[in-house]
Amino acid sequence: MRQASPHELGGDQWRIYEYVTRHFIASLSPDARYAKTKIGILLNGETFSVSGKTLLEAGWMDVMPGNNVKDDKMPEVAVGDEFHVSDIRLSSGQTQAPGYLTEADLIGLMEKHGIGTDASIPTHINNICERNYCGIQGGRTMVPTKLGIVLVHGIQNIDPELTLPMVRGKVEEYVALIATGKAKAQDVLDYAIGLFHSKFRFFTSNIDKMDALFGVSFSSLSA
């Protein structure tokens, strides 16, 4: 066994080879150790805090330098120490919306809620992409399309449960009980059919809400 060189591979092949090799070596390396310090400050009755980390042993981070902990050591202080305020600033800002899920994030959430299997989860993801509910962009980020957003909002207006994992997850939970002998197949089948039949009837009786939302969001073909 010998190490490959950039001249033998080059380009993306070398970058992939280097990453996989570093990741494997890092998995066999010692743990990284760092100390975290948090300082609490009482100022005119209000409590503020600041924290920082100091790297003690790099461990596997020596092999994966891109994952190094930033060393922002805090000053040495003791309980009861006093200090003088040199500057006070009031800054305005706003919270940032969370980013879109990646394909891996979605798979993790589906597994967490018991939706799908290792074999069916990729099919579910492929279906929503083929139906133009979302698209996969850089970093395998799943970005919803206008059609997907309007569809979810329309379903939420009629039956919010259909946009939550509980309905599908509960059915799959009952299906799993069949395999362990804790439930009868016919009972689970009757439950699932009854559940979705009642939701289908309720949904179709309120479909005008969906029609109105799509009418506002999309122009007609004759326009």
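In the predicted model, the largest nonpolar core comprises six residues, namely Met110, Ile115, Ile121, Ile125, Cys134 and Met142. In soluble globular proteins, nonpolar side chains tend to be buried together. One member of this core, Cys134, touches Ile128, Cys129, Met142, Val143, Pro144 and Thr145 when residues up to four places away in sequence are not counted.

Helix α2 spans residues 103–112 and helix α3 spans residues 121–130. Their axes come within 11 Å and cross at roughly 125°; α2 and α3 are therefore oblique to each other. The crossing of these two helices, α2 and α3, is right-handed. On the α2 side, the contact is formed by Glu103, Leu106, Ile107, Met110 and Glu111, which meet Ile121, His124, Ile125 and Ile128 of α3. By class, six residues of the contact between α2 and α3 are nonpolar, one is polar and two are charged. Met110, Ile121 and Ile125 take part in this contact and also belong to the largest nonpolar core.

Phe203, Thr204 and Ser205 of α6 meet Ile207, Asp208 and Met210 of α7. The contact of α6 with α7 consists of three nonpolar residues, two polar residues and one charged residue.

Two residues in loops have positive phi values. Asn132, which is not a glycine, has a phi of about 65°. Asn132 is located in the loop between α3 and β3 (134–137) and, with a relative accessibility of 42%, counts as partly exposed. Arg140, likewise a residue other than glycine, has a positive phi near 60°. The loop between β3 and β4 (141–144) contains Arg140, and Arg140 is partly exposed, its relative accessible area being 46%.

Pro30 lies in the loop that runs between α1 (11–27) and β1 (33–43). Pro30 counts as exposed because its relative accessibility is 58%, over the 50% cut-off. Apart from residues up to four places away in sequence, Pro30 touches Gly59 and Trp60. The C-alpha atoms of Pro30 and Trp60 are separated by 5.8 Å, although the two residues are 30 residues apart along the chain.

Notes:
Residues numbered from 1 in each chain as written. Predicted model: local features only at pLDDT ≥ 70, side-chain atom pairs only at ≥ 80, totals over all residues. Heavy atoms only, no water. Axes fitted to C-alpha atoms, helices over the stretch in contact; angles between N-to-C directions. Helix = DSSP H or I, 4+ residues; strand = E, 2+ residues; numbered from the N terminus. Parallel < 35°, antiparallel > 145°, perpendicular 65-115°, else oblique. Left-handed = near helix turned anticlockwise from the far one by under 90°. Contact = heavy atoms within 4.5 Å. Nonpolar A, V, L, I, M, F, W, Y, C, P; charged D, E, K, R; others polar. Core = buried A, V, L, I, M, F, W, Y, C linked by side-chain atoms within 4.5 Å. Buried < 20%, exposed > 50% of the residue type's maximum accessible area, 1.4 Å probe, protein only.
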